[in-house]
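Look at the sequence and the structure before reading on.

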Amino acid sequence: MASFRFSLSLDAFDSKPSLHANLPFPFKTNLYSKPQLRGSKRAPKPNREHLKLTYLSRNIAPPNTDKLFWRDAEMDLSPELSTEHCNAILKRLQESENDDAKTLSFFERMRATGKLERNNGAYNVIVRLLSRREDWEGAEKLISEMKASFGSELSFHVFNTLIYACCKRNLAQLGTKWFRMMLDCGVAPNVATIGMLMGLYRKGWNLEEAEFTISQMRRFGIVCESAYSSMITIYTRFRLYERLRA
């Protein structure tokens, strides 16, 4: 019998199709390789020239960046420095505990150049500094000055700063003083004010002031769950269960 031989190419049965047959050379060897991730590069920090261009693009006069970041109390308040720039310098000085004298000096320079008019932010920075130094007399004088300058625009931020400092030092009587002064100035408290005071009174089991604070919270329509929790704890401590029902 005659024998028949078949010549078959095994390329047709290859499990991986030859997709790279017609591709240019650089792609032939990397078709099935894993993609390589490039390391992420951090964006470079903007230099001073970049900052100047940013201000120019926003139609704002570029500040003198040497003076803006120079932590020296002898710096001059040039006319090109706006109130916002001065506040930034003042805040930066205040953040360092070693620059208190420079911060106060710069604050007085702002006053002399008229940059404290309607500038609530600058006053808040100095109140924070005085509370850190526990200069309560100086803080009280500054609040009186703010009351005369801002009137009804005086906000709760300055009083919350002082009350917070009292909470850190567990000064309940002094915290009460700032709260009473706050109300006398016609400034409405917020949730943070009530919460800090009630936490302070809970530590000292100050029943009378706690009840007064709760009454003011209800008067201003403030809802503070932590304040109610502190009041319940105080009532339980003194076994005043009938007041819990009220």
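## Surface and burial

The protein chain has an accessible surface of about 16700 Å², and carbon and sulfur atoms account for 52% of that area. Accessible areas are computed by the Shrake-Rupley method with a 1.4 Å probe. Of the 246 residues in the protein chain, 35% are buried (under 20% relative accessible area, 1.4 Å probe, protein chains only).

This is a predicted model, in which local features need pLDDT of at least 70 and side-chain atom pairs count only at pLDDT 80 or more, while totals for chains, interfaces and linings use all residues. Residues are numbered from 1 along each chain as its sequence is written, and side-chain values use heavy atoms, with hydrogens and water left out.

## Secondary structure and contacts

The protein chain contains 13 helices and zero strands. Helices (H or I, at least four residues) and strands (E, at least two) are DSSP runs, numbered from the N terminus.

Contact means heavy atoms within 4.5 Å. Among contacts between residues at least 6 apart in the sequence of the protein chain, 56% join residues at least 24 apart.

## Helices H11 and H12

H11 (residues 207–219) packs against H12 (residues 225–237) at an angle of about 150°, with the axes 11 Å apart. Axes are lines fitted to C-alpha atoms, for helices over the stretch in contact, and angles run from 0 to 180 degrees between N-to-C directions. H11 is therefore roughly antiparallel to H12 (angles over 145 degrees).

On the H11 side, the contact is made by Leu207, Ala210, Glu211, Ile214, Met217 and Arg218; H12 contributes Ala227, Tyr228, Met231, Ile234 and Tyr235.

Conventions
Buried means under 20% relative accessible area, exposed over 50%, partly exposed in between (1.4 Å probe, protein chains only). Angles under 35 degrees count as roughly parallel, over 145 as roughly antiparallel, 65 to 115 as roughly perpendicular and the rest as oblique.
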